[in-house]
Amino acid sequence: MQTVWLHSLSAVSRRGKLFLFATVTTAVIAATIAGVNLASSGLPSPLDNAIPVISLLDKNPYAEYYYYEADKQERYEAYQNAHAELSADEVVWQVNAGLDREFYTEIMPVIDPSVLPVIVNKYHQLSADYVPADLVKLPSGKLATRDTCQAYQQMAADARKAGLSLYAASAYRSYDLQNRLYNGYVKQEHGDTARVDTYSARPGHSEHQTGRAIDLCGSYGSLNDFVNTPEGPWVKENCYRYGFIVRYQEDIVPLTGYKYEPWHITYVGKDVAQTMHEKNINCLEEYVVKYIDHQPLADV
Ligand SMILES: [Zn+2]
């Protein structure tokens with residue numbers, strides 16, 4: 001119990017911490033002694049009053065994470081109230097990543113899409129005129145940035161050695177093409193944008209515009225079947241070795257706002273992909289909060 005107090009008091013100055021600790025310890029000892037006497041008399045024990053004091057000190061579980069941001073305390077609490085199932089860790093990084101807001105609200109521009117890893121999601125938008133400077137052709141003829149293309153070719157070659165065949169069905173898409181695609185889907189769904197938003201990005205919000213996202217087909221030749229081909233599990237297991245991540249995983253659908261897309265891989269660079277793999281992080285936004293916006297003390 002004492003360890004917990006000290007942890008939760010990490011935001012308090014050393015002097016304040018010692019003072020509070022001493023005060024509470026004294027109160028609890030006094031209450032304990034008094035409680036023994038009063039219990040036999042049948043009166044309520046002062047220990048009943050001591051418990052709220054302890055819980056007051058112990059009520060900030062978010063502050064123990066190195067990526068805690070004090071100015072977001074109210075948002076942590078509101079988000080936790082709305083999502084009782086989340087751990088304190090999840091609450092903190094998800095709020096820090098801005099995932100507590102409605103999709104497509106408070107949209108921010110992507111400052112420099114050439115710096116890896118790039119966050120393009122329902123809150124971060126690329127400008128309409130952004131085109132990557134170094135687009136080259138993948139073997140399928142689709143365009144991707146040079147680093148993405150090199151990594152993909154290495155991965156495809158190793159997949160071939162394992163008797164597998166990868167095909168890049170889609171890679172770079174311009175803002176205009178994404179605009180046409182999205183609006184085409186909206187028409188097809190009779191104006192149901194909420195439904196379209198689960199599988200297609202609004203213009204400027206597609207990772208494909210960065211030139212670093214690829215949609216893969218396997219031996220059966222369609223995106224939806226990819227997960228059922230031998231290539232699907234192979235890519236999921238091995239793509240990090242080449243600097244790719246499967247961006248829209250099954251267990252983070254509420255966070256990404258997209259249904260599970262086992263075929264959509266994103267080039268984030270080998271270091272990022274390796275760390276995400278080692279730390280069991282499968283959401284790029286979580287990586288950015290824990291390793292870019294903040295850094296763990298041990299790794300500094
Ligand atoms: Zn895609």
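1. Helices (H or I, at least four residues) and strands (E, at least two) are DSSP runs, numbered from the N terminus. By that assignment, Asn96 belongs to helix α5. Residues are numbered from 1 along each chain as its sequence is written. This is a predicted model, in which local features need pLDDT of at least 70, side-chain atom pairs count only at pLDDT 80 or more, and totals for chains, interfaces and linings use all residues.

2. On confidence: pLDDT is the predictor's confidence in each residue, from 0 to 100. The protein has a mean pLDDT of 85, and 80% of its residues reach 70 or more. For residues 1–47 the pLDDT is below 50, and this stretch has 36 contacts in the model beyond near neighbours in sequence; two residues are in contact if their C-beta atoms, placed from the backbone, lie within 7 Å. Where pLDDT is low, the predicted coordinates should not be read in detail.

3. Asn96 counts as buried because 23 other C-beta atoms lie within 10 Å. Leaving aside residues up to four places away in sequence, Asn96 touches Tyr67, Glu69, Lys72, Val289 and Asp293. The C-alpha atoms of Asn96 and Val288 are separated by 9.7 Å, although the two residues are 192 apart along the chain.

4. On strand β6: four of the five residues in β6 (residues 213–217) are buried. Two strands pair if DSSP finds at least two bridges between them. Strand β5 (residues 167–170) runs antiparallel to β6 and is joined to it by three bridges; within this pairing, Ala168 stands opposite Leu216. Three bridges also join β6 to β8 (residues 261–267), again in antiparallel fashion, and Ala213 has Thr266 of β8 as its bridge partner.

5. On the nonpolar cores: such a core is a set of buried Ala, Val, Leu, Ile, Met, Phe, Trp, Tyr and Cys residues joined through C-beta atoms within 7 Å. The largest has 33 residues, of which Leu216, Cys239, Phe244 and Ile245 touch the most other members. Two or more residues each come from α6 (146–161), β6, β7 (244–248), β8, α11 and α12, and α6 gives the largest share, six residues. Another core lies apart from this one and has 10 residues, including Tyr76, Val91, Trp93 and Ala97.

6. On Cys239: which residues does Cys239 touch, not counting those up to four places away in sequence? They are Met155, Phe244, Ile245, Val246 and Ile265.

7. On backbone geometry: the peptide bond from Leu116 to Pro117 is cis, with omega near -10°. Pro117 is found in the loop between β1 (108–109) and β2 (124–125).

8. On positive phi values: Tyr104 is not a glycine, yet its phi is positive, at about 60°. Tyr104 is placed in the loop between α5 (88–96) and β1, and is partly exposed, with 15 other C-beta atoms within 10 Å. Asn280 also has a positive phi, near 60°, in a residue other than glycine. Asn280 lies in the loop between α11 (270–278) and α12 (284–293) and counts as exposed because it has 6 C-beta neighbours inside 10 Å.

Terms used: Buried ≥ 20, exposed ≤ 12 C-beta atoms within 10 Å, placed from the backbone.
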